[in-house]
Amino acid sequence: MTRYDFHRMLPHPINPCVIDLSGAELKEIYLQSLNEDWPQLELKGMGFRGAVFGRMIHNGLAMHDHQLLVGGQPAEPDRVYRLATLDLFTFGYFFPALKRAPKSYFMPEFLRDVFSDYFRMKTVK
C-alpha cells in the first residue's frame, strides 16, 4: 500500500490523541458513545471529508450488569485510565468531558500516518 492509498482511505486531517480519564469519566464517555443516532449522523465542517459519522469501536471496553469492564475487569471509579482516540472528540462537540480532561496530541502525525507506519512495520517483520 502506498501513502496515497492511505490518504484515499483516511483523507481527513485527524490527529491521534491520548486522554487521561477516571474510571467514572470513562464509563460516562462509554455510555455516551452508544448513541444509536451517531452512525448515520451527517457531519459538516471540522475538516471532516466523509459523509457520515460512522460507528464507535470499543476495543477492550464493555458493559455487564451496569458495570464498565476494561480489559474484562471492572473499572475502578477513581483509577486513571488512558484512552486513545481522535482529536476531534476532544473539542467537546460529542463528549464535553473530553474537552476538560488532560490529553496528549500526536502531532504532526495524522491518523493515516499512524496506520501507514503500523502496516509498514508489520511487513518488515
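**Close-up views of a predicted model**

View 1. Asp 65 adopts a positive phi near 50° in the hairpin of strand 2 and strand 3, where two residues sit between the strands. This is a predicted model, so read the angle as a computed one. Look across from Met 63 and you'll find Leu 68 of strand 3.

**View 2. The whole chain, for orientation.** Four helices and six strands make up the fold, in the order α-β-α-β-β-β-β-α-β-α from the N terminus. Of the 125 residues, 34% are buried. If we take contacts with a separation of 6 or more, 73% come from residues 24 or more positions apart. The accessible surface is about 8600 Å², with carbon and sulfur atoms owning 57% of that.

**View 3. The largest nonpolar core.** This core counts 20 residues, and Leu 21, Leu 26, Phe 89, Phe 95 and Leu 98 have the most contacts inside it. At least two core residues each come from strand 1 (16-22), helix 2 (23-32), strand 5 (80-86) and helix 3 (96-100). For background, nonpolar side chains tend to be buried together in soluble globular proteins.

**View 4. A nonpolar patch on the surface.** Phe 91, Tyr 93, Tyr 105 and Met 107 build a patch of about 470 Å². Tyr 93 belongs to the loop between strand 5 and helix 3. Its relative accessibility is 56%, so Tyr 93 counts as exposed.

View 5. The structure has three salt bridges, and here Arg 3 pairs with Asp 113, with the closest N and O atoms 3.3 Å apart. The partners are 110 residues apart, Arg 3 in helix 1 (residues 3-9) and Asp 113 in helix 4 (residues 111-124), so the pair ties together distant parts of the chain. Buried or exposed: which is Arg 3, and which is Asp 113? Arg 3 is exposed at 52% relative accessible area, whereas Asp 113 is buried at 16%.

View 6. Arg 8 bridges to Asp 5, and the closest N and O atoms are 3.2 Å apart. The two are separated by about one helical turn because they sit three residues apart in helix 1. Arg 8 is exposed at 53%, while Asp 5 is partly exposed at 21%.

View 7. Asp 20 and Arg 82 bring their closest N and O atoms to 2.9 Å. Asp 20 in strand 1 and Arg 82 in strand 5 are 62 residues apart, another link between distant parts of the chain. Asp 20 is partly exposed at 26%, and Arg 82 is exposed at 58%.

Terms used:
Residues numbered from 1 in each chain as written. Predicted model: local features only at pLDDT ≥ 70, side-chain atom pairs only at ≥ 80, totals over all residues. Heavy atoms only, no water. Buried < 20%, exposed > 50% of the residue type's maximum accessible area, 1.4 Å probe, protein only. Contact = heavy atoms within 4.5 Å. Areas by Shrake-Rupley, 256 points an atom, 1.4 Å probe, with all protein chains shown as cover. Pairing = 2+ DSSP bridges. Core = buried A, V, L, I, M, F, W, Y, C linked by side-chain atoms within 4.5 Å. Patch = residues over 30% accessible without salt bridge, like charges linked within 9 Å, V, L, I, M, F, W, Y side chains within 5 Å. Salt bridge = Lys/Arg side-chain N within 4 Å of Asp/Glu carboxyl O.
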